[in-house]
Amino acid sequence: IVGPNVAGKSTLVTLLTGLLDPDEGEVILDGEEITGLRADERVHKGLVRSFQVVKVFEEMTVRENIRTAILIKEQMTGGFTPRSALQGLFSLDDEHEDVEAKIEELVEQFRLEDVADSVADELPHGDRKLLDVAMSFALDPGYLLLDEPTSGVSAQETDYVIETIVEVSEKQNVTTVTIEHDMDLVRGYADRVIALHQGSVHGEGPPTMLETDDELRRLLLGVEE
């Protein structure tokens, strides 16, 4: 999803994920209307988001952060009681062997092995972003909405972060919908582009539309042909 500032990109994602109620219209997920569902109920349906600002537990390690997300998901689906979920944060008994296996899988997939036992507030920003997205994947999404996943990431880390997210998404068959201002990333990684302007869809199509749609180039890049 691309568009100039105040085009409605983040508002759209917030509406889709249930943190805002629409004034009109419906939210449809896999043919089912979910407009009236709470945000957590939409997560249960497989609709998950990651915010532009990293939201992790700063004093917990990478593994502990991911474990927390997994156990929240298990509690939502009835896999654990609140007490057993809480105990699972601090113990590694047999009941949680599958949880620990999933933690290690996500740590490996998001290339966080070297920092797995580091607390979150000590991580470089690129790894913090990857941890944030890994926690979203711990919720078993079918669809993951990402609000500027490379925001604040250094130029040296940008491709590394986005390539990792794309690789894991493809491996786990998760559809990602990404708000992005970096047009080079959009051209390099997007399969389909939807351009918003003043709360409406200006156009949609392949990333090549960024080169061929003169009005879109004017709106996004200030390019006057």
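Analyst: Let's start with a pair of strands: E6 and E7 run antiparallel and are joined by five bridges. Two strands pair if DSSP finds at least two bridges between them. The elements themselves are DSSP runs, numbered from the N terminus: helices are H or I with at least four residues, strands are E with at least two. Please keep in mind that this is a predicted model, in which local features need pLDDT of at least 70 and side-chain atom pairs count only at pLDDT 80 or more, while totals for chains, interfaces and linings use all residues. Residues are numbered from 1 along each chain as its sequence is written, and side-chain values use heavy atoms, with hydrogens and water left out.

User: In E7, which residue is the bridge partner of Ile194?

Analyst: The partner of Ile194 is Glu204. E6 and E7 make a hairpin with two residues between them. Gln198 sits in that turn, with a positive phi of about 55°.

User: How should I read a positive phi?

Analyst: As background, most residues other than glycine have a negative phi. Gln198 is not a glycine, yet its phi is positive. Asn173 is another non-glycine residue with a positive phi, of about 60°. Asn173 lies in the loop between H7 and E5.

User: Are Gln198 and Asn173 buried or exposed?

Analyst: The idea is to compare the relative accessible area with two cut-offs: buried means under 20%, exposed over 50%, and partly exposed in between (1.4 Å probe, protein chains only). Gln198 has 66%, so it is exposed. Asn173 counts as exposed because its relative accessibility is 69%. Glu24, in the loop between H1 and strand E1 (28-29), counts as exposed at 70%. Across the protein, 44% of the 225 residues count as buried.

User: Which residues of helix H1 are buried?

Analyst: In H1 (residues 9-16), they are Lys9, Val13 and Thr14. Seen down the axis of H1, its buried residues fall within an arc of 135°, so they line one face of the helix. That arc is taken from the directions from the helix axis to the C-beta atoms. The cover over the buried residues of H1 includes strands E3 (47-50), E4 (143-147), E5 (175-179) and E6 (193-197).

User: How many of the residues of E4 are buried?

Analyst: Four of its five residues are, so to speak, under cover. E4 has strand partners too. It pairs with E3 in the parallel sense over four bridges, and Ser50 stands opposite Leu146 of E4. E4 and E5 also run parallel, joined by five bridges, with Val177 in E5 as the bridge partner of Leu145. From E4 the chain crosses through H7 to E5, a β-α-β crossover that is right-handed. Right-handed here means that, with the strands pointing away from the viewer, the path from the first strand over the helix to the second runs clockwise.

User: H7 keeps coming up. What does the side chain of Thr158 reach?

Analyst: A polar contact is a pair of N or O atoms within 3.5 Å; within protein, one must be able to donate a hydrogen and the other to accept it, and residues adjacent in sequence count only if both atoms are side-chain atoms. Thr158, in H7 (residues 155-172), reaches the backbone oxygen of Ser154 with its side chain at 3.0 Å. Thr158 counts as buried because its relative accessibility is 11%.

User: Leaving aside neighbours within four places in sequence, which residues is Thr158 in contact with?

Analyst: Contact means heavy atoms within 4.5 Å. By that rule, Thr158 is in contact with Thr150, Val153 and Leu185. For a loop residue, take Lys45, between helix H2 (39-44) and E3. Lys45 touches Leu29, Glu32 and Leu37, not counting residues up to four places away in sequence. At 39% relative accessibility, Lys45 counts as partly exposed.

User: How many helices and strands are there in the protein?

Analyst: There are ten helices and seven strands. Of the contacts with a separation of 6 or more, 65% come from residues 24 or more positions apart.
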